[in-house]
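Visitor: Please walk me through this model. I would like to know what stands behind the terms you use.

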Amino acid sequence: MSQPRKPVEHFLDNKKFLHPALIANYGNWKYHDRPRPGVLHHVSHSGAEVWSVRAGTQRQMDVYTIRKLCDIADQFAEGRVRFTIRSNIEYIVADEKKVAPLIAELEKNGFPVGGTGNSVSMVAHTQGWLHCDIPGTDASGVVKAMMDALYDEFKNEEMPNRVRLSTSCCEINCGGQADIAVIVQHTKPPKINHDLVANVCERPAVVARCPVAAIRPALVNGKPSLEVDEKKCICCGACYPPCPPMQINDPEHSKLAIWVGGKNSNARSKPTFHKMVAAGLPNNAPRWPEVNEVVRKILMAYKADGRPWERMADWIDRIGWPRFFEKTGLPFTKYMIDDWRGSRSNLNASAHIRF
Amino acid sequence: MAKKLHDTPNLDQLESGPWPSFVTGLKRLAKDKDYVVDLLGHLEHSYKTRKGYWKGGTVGVFGYGGGIIPRFTEIKDEKDQAVFKDAAEFHTIRVMPPAGWHYDTDTLRKFCDIWEKYGSGLIALHGQTGDIMLQGCTTENVQAAWEEVNAMGFDLGGAGPAVRTGMSCVGAARCEQSCYDEAKAHHMVINRFLDDIHRPALPYKFKFKFSGCPNDCMNSIQRSDMAIIGTWRDNMRTDEKLARQWFAKHGMNELVNDVVGMCPTRAIQLKEIKSVSKDAHVSSVAVNDTQALEINNKDCVRCMHCINVMTGALAAGKDKGATILVGGKSHLKIGATMGTVVVPFMSLKNDEDYEQLVELAQTIIDFFAENALEHERTGEMIERIGLVNFLEGIGLDVDPAMVNSPRMNPYVRMDGWDEEVAKVNAKKAAA
């Protein structure tokens, strides 16, 4: 190989990628509405209008899929596209007459149009078995199974407010906070391969990673290694990334938990973190039916009972947790009572009880 | 023509159903690439045994210390040889995408051509870091692929204990709720910290996210060390034509239940037009011939709800800028923390304002680099040292907008009280 090239360090300007109508009206938009699910209509103070057509993708895309999406952009949207934070693609057109044929072309090629307003948008997800070095499950597969089941909810706007989902393959939760989040929850301490620890792991750093100080250096079979106080261990998996011989993933005991009510928007209530409402679900590849069933139950209860503009967190704030568990049929167990630092602020310090 | 596919009875079940299938995409790539044939075999093995089989390592490009995510297979036979030998290495190249994730098709097609030539042909748009993820490359091909990407004008994203790839919303390009030029702030901040992105030398990761309004579409408050959330400090603007249109379509029940009743600080009231306050801090707009919305802008917390419901009829003010919050992160190690306010309002109008934002970012990163423990995020550092020590370290004054409430316990040593009161009074007098 020839001498490697010195990199050009620069974060490039995005202006050349913008649709011409966005350049012309940059910073001058007045309002928007949604003529139909999957379409946003923005109007500028200048009177200019654009329609954005949003479609779902599989995120993990092969080059043939991307080229097809590009063909559609060349045909309808002046060769410009943008992506949303949830891996939806958006095509912007300045001519309303292009909207219907663009939607038809996307649907014909298998890209569902939707994900706007009070719909269930695409799941924000992590890499999983496909590429991650510490995954408990395969987010892409969980997401495919979930979005198949929620296809109509993506294409329609029938929820009380927007629904944002995420999935994460370990407790680090790279998928992020969401109205409903599916996250791996390990239930057994790591299994340690003592033959490898000394060569692979920087032991003091691993000891320092543990949130509950359950790991200590030890000599095992005459070799320097690490041991875990299994009574203290909370099975979070934090030791596994810096020390792969501390295997936390287990086909049977790495379960899935479901969390609800996370919201990053400041609209109405302050932003909230999601809360655990179900756990112990099997890691049942390839289509995770038990997870899908719980997600469906929660969504249907919210859809039936939430008032317009109530996000999942707002709905639960109104009806209270006892009725959330009643309406969803999910069991409330002792594991849902927080005992981590700051946890007493999660307890009901009042006589406010709904009967 | 590639070699024959492995049997993939599990993955095959992810080809049915209406949502686009990544498995179908992989199989299309596998028609031409032995690499992807073995990748499918590798993934099927994970589905069958319910475990992951990639381990990290060290792969990089010339001149940089990060940005490549190395993966080596752990599925080995009894002779320690890779079972799926054509996919024994599956590295990812993180590439910083354009602000707001806007592309032209020439650019996307070039990425496809490069990745078809050097990699697996699988591209994630986008990873949770916000990066373009060129997934699946051998060690041998990483440098050549990267050089072609760099020649297109793109640069690598962050990985490890470094400043990470930033994220910004669609913002001013196509959103009336935008309160500053998100892309401009994103460009200026990231271009200042390229060295900290490409050569990981911080205590741990540091993330910037740029959201144009408090709807926070970039999830900056929960996912970034420094969140720049657009806001305004003057009165909300109103548009009577759009307000009347909205009311004609939605009616009184929705106005009361969905707009007035959902205001978190009861800043909105429904009034007879003739009794609307003339106070300078009030915005009002008629919805019909007799009734109007009256908004007390002193009580409004800029939550965005009413603006979201009545877009255009109600709108952000004109004195725009951002609220800056520090310390958002996920669980590891102390539990998830939200970003908390360190600057209630920073004006973002002219170039000097944006320079000031970059300087604040530099000050915060310098303090973080000096004071955080190894593997400690800003949120954990602030919890350990206290917000006041952090503010004093970066030279910002305390403000009651930084707290939910004042202190609820007496356990503090307060012998500096008089000096602090004098400082606050002097500052008031000078203002």
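This is a predicted model: local features need pLDDT of at least 70, side-chain atom pairs count only at pLDDT 80 or more; totals for chains, interfaces and linings use all residues.

Visitor: What makes up the secondary structure of chain A?
Guide: Chain A has 10 helices and 14 strands. Its C-alpha atoms fill a box of roughly 75 × 75 × 35 Å along the principal axes. Chain B has 14 helices and 17 strands. Its C-alpha trace spans about 85 × 60 × 40 Å.

Visitor: What makes a residue of chain A count as buried, and what percentage of its residues are?
Guide: A residue is buried if 20 or more other C-beta atoms lie within 10 Å of its own. In chain A, 51% of the 355 residues are buried. In chain B, 51% of the 431 residues count as buried.

Visitor: How do you know that helix H11 of chain B spans what is expected?
Guide: Helix H11(B) covers residues 351–371, which is 21 residues. The expected span is 1.5 Å times one less than the number of residues. For H11(B) that comes to 30 Å, and the helix reaches 30 Å from its first C-alpha to its last.

Visitor: How many residues of chain A are in contact with chain B?
Guide: 94 residues of chain A are in contact with 102 residues of chain B. Contact here means C-beta atoms within 7 Å. The largest share of chain A's side, 8 residues, comes from H2(A). That side divides into 45 nonpolar, 28 polar and 21 charged residues.

Visitor: How do you know that strand S4 of chain A pairs with strand S6 of chain B?
Guide: Pairing takes at least two bridges between the strands. S4(A) and S6(B) are joined by 3 bridges, so they pair. The two strands run antiparallel. Gln60(A) has Ala124(B) as its bridge partner in S6(B).

Methods
Residues are numbered from 1 along each chain as its sequence is written. Chains are lettered from A and ligands numbered from 1 in the order in which they are written. Helices (H or I, at least four residues) and strands (E, at least two) are DSSP runs, numbered from the N terminus. A residue is buried if 20 or more other C-beta atoms lie within 10 Å of its own, exposed if 12 or fewer, and partly exposed in between; C-beta atoms are placed from the backbone. Two residues are in contact if their C-beta atoms, placed from the backbone, lie within 7 Å. Ala, Val, Leu, Ile, Met, Phe, Trp, Tyr, Cys and Pro count as nonpolar, Asp, Glu, Lys and Arg as charged, and the others, Gly among them, as polar.
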